[in-house]
Structures are given as C-alpha cells and as structure tokens.
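Colleague: I would like to learn how to read a protein model. Could you take me through some features, one at a time?

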Amino acid sequence: MSTGAGRLGDFNAERESIVAEVEQRILAERRAAHLRGGDGRLEYVLNDAAFHETQRLEKGSPEERKRAARWHELARDLSRMSDAEKEAEAARLTHEHARDVAGNFDARVYGFVKNILPVGMSLLLTPQRLREGLGNLGELQGRVLIEGELDTVRALAARGTLVVTPTHLSNMDSIVIGFALERAGLPPCTYGAGKNLFTNPILSFFMRNLGAYRVDRRLRHSLYKDVLKEYSTVLIERGFHSLFFPGGTRSRSGGLEQKLKLGLMGTGLRAYENRLAAGAQGLSVFFVPVTLNYHLTLEAETLIDDYLAEVGKSRYIIEDDESSRFGRVTSFIRKTLAMEGATVVRFGQPLDPFGNQVDAEGQSHDPRGRRIDPELFLDDGASGRGPVTQRDNEYTRTLGESIVKAYQRDVVYMATHLVATVLWERMCAQAGVRDPFRVLRMADPQQVSSELLAAGVDRLRDRIRGANGAWGRLDKRSAERPAMGVVDDALRSFTAYHSRPVAERRGGAVVPTSLRLVYYYRNRMAHLPDAAVAGLGGLS
C-alpha cells in the first residue's frame with residue numbers, strides 16, 4: 001500500500017551512493033584547490049578545522065577537552081605531514097561528517113505519522129474526545145488554514161524538485177509545515193534539523209526516519225560547511241524535494257526574516273547547473289517561499305528575552321525554552337490552536353534559482369511578466385555554462401532578496417499582531433521616544449481605552465488593505481470582524497497561554513502587562529514603512 005512518500009520513498013536505496021558521491025565531490029574539489037595553492041591548500045583547510053574545533057572543545061566537558069588535545073596534535077603536525085597524509089586526513093574528516101549528516105527514511109514510520117498526526121493534534125486540541133470518541137477530525141482543518149499558490153506548487157512538484165523555504169518562529173514549525181505539505185497534497189521533503197534536537201529520544205526517532213539530516217551548528221569550519229552544502233546539492237540534483245529555513249534559526253524578535261543565510265540556498269542553483277551539464281532540459285528546481293503565521297508563539301517569552309539581552313549569538317542554540325517542556329507544549333496546543341484559524345500556512349508564488357517568479361508550466365517571468373529562459377543567466381559566452389562562484393553568489397543573493405519580498409507580501413497578520421502594533425505605538429507616544437529599550441523601561445505604562453484601541457486597529461487594517469498586498473494580508477477572521485471584535489480576539493489570545501498576560505482588559509480600558517511580549521508580537525509588522533503606523537499613537 002502506498003504511503004504517498006513520493007521520491008523520498010527511494011532515499012534508503014540511494015543513501016550509500018549519495019554519501020559516496022558527496023565524499024567524492026568534496027575530495028575532488030579539495031585536490032583541485034590544493035593544486036591551485038593559496039587558501040585552498042589542504043594544510044589551510046585542516047588548520048581551519050583544528051582551530052575551530054579546539055576553540056569549541058576547550059570550553060566543554062572534560063571529555064571534550066580531551067578531544068581538543070587531538071586537534072592540537074593535528075595542528076602541530078601539519079607542517080610535517082606529506083600531501084598524501086593531508087589528503088588522507090581530509091578524506092577521514094569528510095567521511096565522518098558525511099556519515100553524521102546523512103538522513104534516513106522509513107516509509108512505515110511516514111505512513112504511521114501521516115495517519116496519526118491529525119488524530120494526535122485533534123486530541124490535544126479537544127482532549128474530551130478521549131472520552132467521547134474521535135468525532136469529526138475534520139475540525140482540525142479550521143485550526144490550521146493552508147492557502148496560497150497551491151495549484152502552481154502542486155504542478156511544479158510534478159515537473160521538478162521543490163525547495164520549500166518557510167519563515168521560522170518556533171520549534172513547532174517543522175510539525176506544522178509537515179502537516180501542511182501533506183494536507184495540501186504535496187510530497188514530503190528532506191530537511192536539515194539541528195543536531196541538538198536529536199537528543200530528545202522521541203523527536204530523534206521520528207526525525208531519523210522521516211528524511212531529516214543532522215546539522216551540527218556548533219561546527220564552524222569550512223570543510224563541514226562544504227559537506228553540508230554538497231549533501232544538499234546532491235539531494236536536490238537527484239530529485240529529492242527539500243526544505244530548509246533560510247533564516248537559519250528561529251526569529252528571536254518575532255519579526256519576519258530580513259537577511260537570509262545563503263549557503264544552503266545556493267545549493268539549488270548548483271543542482272540546477274549540474275543537471276544542465278548532465279543534459280537535462282528546462283527549469284527543474286523551484287523555490288517555494290512559505291509564511292508560517294500564528295496567533296501566539298510557543299517560545300515567545302524565551303526568544304524575546306534572548307533578543308533583548310543581545311545574547312542571541314552566544315545562545316544560538318537554545319535548549320531550555322518552552323518547546324523542551326512537554327507540559328508547556330500541550331498547554332500551548334490546547335489553549336491556542338483550539339481557536340479558529342489560529343495558524344495560517346501560506347504558500348507563495350514559486351521562484352526559480354535566480355529569484356524570478358515561475359508559473360504552473362515551469363516558465364520563468366521577469367518583473368514585467370515577460371517569459372524568460374533561465375538558462376541564459378548561466379551562459380557566459382566563451383566560458384560556456386557551469387558554476388562560476390562570484391556570479392552564482394550574486395544570483396543567490398538576488399534569490400534571497402526575492403524570498404524576503406515574498407515573505408512581506410504573504411505574511412498573514414492576526415489579531416494579536418494588529419492589537420500589539422497599536423498598543424506599541426501608544427506606548428511610544430507615551431514615552432516620547434521610539435527607541436524600544438527606553439520604551440520597555442517604562443515603569444507604569446498607561447492604559448488605553450478599548451475604543452481608541454479599536455479605532456487604531458481599524459485604521460491599520462485599512463492601510464494594509466490599501467497597499468493591495470504589498471504589505472501582507474489580514475487573516476480572514478481579522479479582516480471580517482468589527483474592530484472591537486479583533487481587540488477581543490487578541491485579548492483572549494494574550495491571556496490564554498503565556499506565564500503572564502501580554503495585555504488585559506480592566507473596565508473599559510486595555511493595559512499592557514508585558515511590554516516585552518507586546519513588542520514581540522508587534523515586531524511581526526516591524527518591516528512595514530512608517531506610513532503604515534503613522535499617527536496610531538496619537539489617536540484621541
């Protein structure tokens with residue numbers, strides 16, 4: 001019986017050859033770079049690995065400090081090693097990293113998850129079903145709304161390889177995007193997951209068997225990064241639909257990603273080039289921007305604290321937030337996703353590897369809507385077609401800019417974002433400054449009348465509508481409800497889950513009780529131009 005796993009169902013049969021191809025390509029590139037000299041020489045590559053690993057391990061446990069000594073020895077011995085010995089060491093490290101990164105896929109586990117996930121989510125949303133029977137699990141469709149360019153994405157999935165690039169707010173995102181892909185009739189994707197997530201035995205079991213490959217963000221040396229990128233390239237080249245979060249990590253501020261990590265994104269272009277070199281015809285790699293939109297974010301309190309404390313770099317991998325506590329996760333799901341339309345997954349217009357929009361027939365279009373041949377971007381005249389680092393980096397940068405613009409068009413604003421934005425503008429007016437740190441230090445933020453808050457929401461909605469999609473869109477409920485109803489929805493959400501309410505009603509007024517969380521939910525609209533929020537703080 002088919003599990004609907006698509007191309008990913010073939011992964012295990014190809015796993016060994018994928019790993020072998022990654023190793024062969026990396027070593028061939030390293031040999032060529034070594035012969036060219038300069039920074040590409042093997043001693044530089046190995047010294048880079050030794051330097052970064054020594055720095056990392058010396059700060060760790062006693063066992064890790066012992067491993068640091070091994071890297072010290074390598075750095076010391078490099079000057080005495082022959083080229084053959086250096087190549088053997090590079091081959092050993094490449095093999096070790098490629099094996100560690102490579103994923104696995106079990107069609108039986110996928111079939112189980114595919115059938116059980118809607119049931120499990122529904123039971124968490126309405127646990128009384130445990131007593132009453134399963135009832136209508138179709139109600140889950142009202143909790144997680146899936147919209148956007150679905151027909152186009154389905155058509156392109158049949159024509160080539162998708163590279164799905166969602167926004168990233170929460171550790172819930174992987175579950176939500178997986179559910180959305182299945183419900184939208186799209187194939188499952190292989191994806192990179194932080195190696196720290198594999199320490200959880202339950203999560204590890206499912207990720208290990210659902211195509212996830214391990215990304216160790218602690219490893220900063222160039223050889224490891226090359227292995228990751230080549231692994232992604234080979235997967236896409238072979239037709240395995242892929243997913244990665246181009247922001248690199250969860251948005252600490254709550255805002256949309258403005259600057260993307262381009263390393264893995266560039267593997268789509270490289271895979272396309274390799275396919276053309278092998279004789280393939282036509283565009284066959286399609287990037288799909290996706291916005292994940294929530295009324296509330298599970299880890300909002302930890303993330304905004306991390307952002308405000310400016311320790312995001314030192315705590316790049318957060319292991320102790322709300323998503324690591326099972327009770328908080330189930331509480332979040334029950335109390336927030338039980339609301340109608342609490343999550344919206346919106347699929348944007350697909351893009352080619354150069355950032356041009358693509359139609360359902362796989363044809364690229366320039367900004368004026370004219371059809372263009374993407375292969376021409378790779379034609380350098382006498383040099384022919386093929387990878388050119390500087391040129392390809394520029395194309396990938398353009399692709400990243402196109403994805404950011406897609407996020408800004410396809411972001412969906414919920415009641416919590418609208419109300420938090422108006423509240424924040426009122427707090428800025430009260431403080432007489434727009435510097436967030438000075439606003440956040442206000443000891444006694446003033447209450448705002450419910451009527452003024454609703455008037456601000458109404459004005460903000462009108463401005464978003466007037467931008468004709470350029471500033472994003474309103475979720476259906478917030479678009480159709482009276483402004484005071486939007487305020488009521490937001491306040492219900494704000495008091496539903498967090499350890500303290502974000503804001504609450506007192507009589508006929510609303511009081512922000514956690515300015516940092518008001519700021520977090522307001523940041524979803526922080527990319528908007530000043531004209532979007534002008535005057536919202538001075539309504540009277």
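Modeller: What follows goes through helix packing, cysteines and backbone angles in this predicted model.

Colleague: Which residues of α16 and α18 meet?

Modeller: From α16 come Leu418, Val419, Thr421, Val422, Leu423 and Arg426. They meet Leu452, Leu453, Gly456, Val457, Leu460, Arg461 and Ile464 of α18. Sorted by class, this contact has nine nonpolar, two polar and two charged residues.

Colleague: How are α1 and α11 placed, and what is the hand of their crossing?

Modeller: Helix α1 (residues 11–36) and helix α11 (residues 222–237) have axes 9 Å apart and pack at an angle of about 130 degrees. The two are therefore oblique to each other. Their crossing is right-handed.

Colleague: Which classes of residue make up the contact of α1 with α11?

Modeller: Residues of α1 in the contact include Ile18, Glu21, Arg25 and Glu29, and among those of α11 are Asp226, Glu230, Tyr231 and Leu235. By class there are nine nonpolar, two polar and seven charged residues.

Colleague: Next, cysteines. How many disulfides are there?

Modeller: A disulfide is a covalent bond between the sulfur atoms of two cysteines. In this model the count is zero.

Colleague: Are Cys189 and Cys428 buried or exposed?

Modeller: Buried means under 20% relative accessible area. Cys189 has 7% relative accessibility, so Cys189 counts as buried. Cys428 is at 4% and therefore counts as buried too.

Colleague: Which residues of helix α9 are buried?

Modeller: An α-helix has 3.6 residues a turn, so residues three or four places apart point the same way. In α9 (residues 173–183), the buried residues are Asp173, Val176, Ile177, Phe179, Ala180 and Leu181. After α9 comes Gly185, with a positive phi near 75 degrees.

Colleague: What is the phi of Asn468, and where does Asn468 lie?

Modeller: Most residues other than glycine have a negative phi. Asn468 is not a glycine, yet its phi is positive, about 55 degrees. Asn468 lies in the loop between α18 and β13 (473–474). With 74% relative accessibility, Asn468 counts as exposed.

Conventions
Residues are numbered from 1 along each chain as its sequence is written. This is a predicted model: local features need pLDDT of at least 70, side-chain atom pairs count only at pLDDT 80 or more; totals for chains, interfaces and linings use all residues. Side-chain values use heavy atoms; hydrogens and water are left out. Contact means heavy atoms within 4.5 Å. Helices (H or I, at least four residues) and strands (E, at least two) are DSSP runs, numbered from the N terminus. Ala, Val, Leu, Ile, Met, Phe, Trp, Tyr, Cys and Pro count as nonpolar, Asp, Glu, Lys and Arg as charged, and the others, Gly among them, as polar. A disulfide is a pair of cysteine sulfur atoms within 2.5 Å. Buried means under 20% relative accessible area, exposed over 50%, partly exposed in between (1.4 Å probe, protein chains only). Axes are lines fitted to C-alpha atoms, for helices over the stretch in contact, and angles run from 0 to 180 degrees between N-to-C directions. Angles under 35 degrees count as roughly parallel, over 145 as roughly antiparallel, 65 to 115 as roughly perpendicular and the rest as oblique. A crossing is left-handed if the near helix is turned anticlockwise from the far one by less than a right angle, and right-handed if clockwise.
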